[in-house]
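Hi,

Here is the structure I promised to pass on. Please have a look at it first, and then read my notes below.

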Amino acid sequence: MKVKLWGTRGSIPSPGPETIRYGGNTSCVWVTLSDGSLLALDAGTGIRSLGLSLGAEPARLHILLTHLHLDHIQGLVFFAPAFRPQTEIVIWGPASPEASLRDRIARYISAPLSPVEVRELPCDVSFRHCPQTEWEIGPARIRVASVAHRGPTLGYRIEDGESSLAYIPDHEPALGADIDALDEDWISGFALARDASLLIHDGQYADREYPDHIGWGHSSLSHALSFARRTDARRTVLFHHDPLHSDGRLDELGSEARGHWAALGGEDGGVELGAERSEYELPARTPSAAPSA
Amino acid sequence: MSQRPLELILARNLMSALSTPAFLVDEGGVLVFYNEAAGMLLGKRFEELGTVGPDEWGSLFGPFDGDGEPIPYDELPLVVAVRNGRPAHATFAIRSTDGAGHTVEVSAFPILTAHGSQGAIAIFWPTASNGADG
């Protein structure tokens, strides 16, 4: 399984000279499974660059949405494969008693917010609610669980061979809870991340910023690391960076995270901040995610 | 160990912050949590007791009707809420581990989600006659 980050920013795109290294695009992660099957995790603005990189390929791909906040779907109508009639796109996302996934996404992909409507997309697009039980895409087993965030939000676990990727970009597991003390089955998202080869997890706020954002649905750095340590994720990428955090600030937070990780007993290199276009390869039979870039 | 549904996790988190006695059962009727205020009322903290299966937890603290007769398990508001998916309310007496009696009003409501019932919550409202019964 190969993983590439195309958008690591949270909340709103934040392009500019101060965000060049970590990137200003919102959430999008590209996953290539061992048989070549292709998945995009979320469709924030990062999916635009991803689409341009794909050329005329692929013929079929899946987009797995964690939730429908704008920073996770804003790139959909700028995703080049969506405008190719020969491309089949399957969009997965959370169910809601209120309306179908298609209808909820169509609120954004419709006038006056969008110049095109869902029905006008030239590709062969279909919408599916994520099942509550495990399902398969190519060789991968996919599992979702609702996680603590604002509104119906999913986290994903993707297992391909012996590799596993946990993707929980918007998550506040410590809301009203002490995740260092709780039994693991009472921690939001725990089963998704347990022993994951690679955990991509919300780390939006510095610890001193978090008290002003309790209940906003995101994690402090310390909470994210406690979650990663409790779940025994082998490698953790902190993700969904706050739009106010410049590259310099993120460098400081990265250093802070490594120190905190070491204090928790984590291994060297076990945690880092996600940077746009970073790639990870999760070999089928080795115990850790090896960075390839 | 399986993961609890998010709705139960959030319910537990909220209940942990309340000073009103509150009880949480899962979709199978297993008592999976009660808060500190409930522990004070019962005389035993949840951490001392742990999860308790259906048909067992009711007898831990009574409950009794106005004549001192045990109330059948099936009629308890929490059981009605989790089994029938509708709210229920009752007034009854309970006995804590130290033998003290308490009259409580109980409101229970189901936790319904897009995927069906995940359990139920009961809030105990101690009445003015606290400690005078039993």
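Predicted model: local features only at pLDDT ≥ 70, side-chain atom pairs only at ≥ 80, totals over all residues.

One place to look is Pro112(A), which sits in the loop of chain A between helix 3 (101-106) and strand 6 (124-129). Pro63(B) belongs to the loop between helix 3 (46-49) and helix 4 (77-84) of chain B. As background, most peptide bonds are trans, and most residues other than glycine have a negative phi.

That brings me to the backbone of chain A, where two residues are worth a look. Asp195(A) is not a glycine, yet its phi is positive, near 55°. You will find Asp195(A) in the loop between helix 4 and strand 11 (198-202) of chain A. Is Asp195(A) buried or exposed? Asp195(A) counts as exposed, because it has 12 C-beta neighbours inside 10 Å, and 12 or fewer is the cut-off for that class. Arg277(A), also a residue other than glycine, has a positive phi near 75°. Its place is the loop that runs between strand 13 (271-273) and strand 14 (279-281) of chain A. Arg277(A) has 17 C-beta neighbours inside 10 Å, so it counts as partly exposed.

Next, a helix pair in chain A. Helix 5 (residues 221-231) and helix 6 (residues 247-263) of chain A pack with their axes 10 Å apart, at an angle of about 40°. The two helices are therefore oblique to each other. The crossing of helix 5 of chain A with helix 6 of chain A is right-handed. Helix 5 of chain A brings Leu221(A), Ser222(A) and Leu225(A) to the contact, while helix 6 of chain A brings Leu253(A), Glu256(A), Ala257(A), His260(A) and Trp261(A). By type, the residues of this contact are five nonpolar, two polar and one charged.

Finally, the interface. How many residues of chain A are in contact with chain B? There are 17 of them, and they meet 14 residues of chain B. On the chain A side, the elements that give two or more residues are strand 8 (140-146) and helix 4 (190-193). That side of chain A is made up of ten nonpolar, five polar and two charged residues.

Best wishes

Terms used. Residues numbered from 1 in each chain as written. Chains lettered and ligands numbered in written order. Contact = placed C-beta atoms within 7 Å. Helix = DSSP H or I, 4+ residues; strand = E, 2+ residues; numbered from the N terminus. Nonpolar A, V, L, I, M, F, W, Y, C, P; charged D, E, K, R; others polar. Buried ≥ 20, exposed ≤ 12 C-beta atoms within 10 Å, placed from the backbone. Axes fitted to C-alpha atoms, helices over the stretch in contact; angles between N-to-C directions. Parallel < 35°, antiparallel > 145°, perpendicular 65-115°, else oblique. Left-handed = near helix turned anticlockwise from the far one by under 90°.
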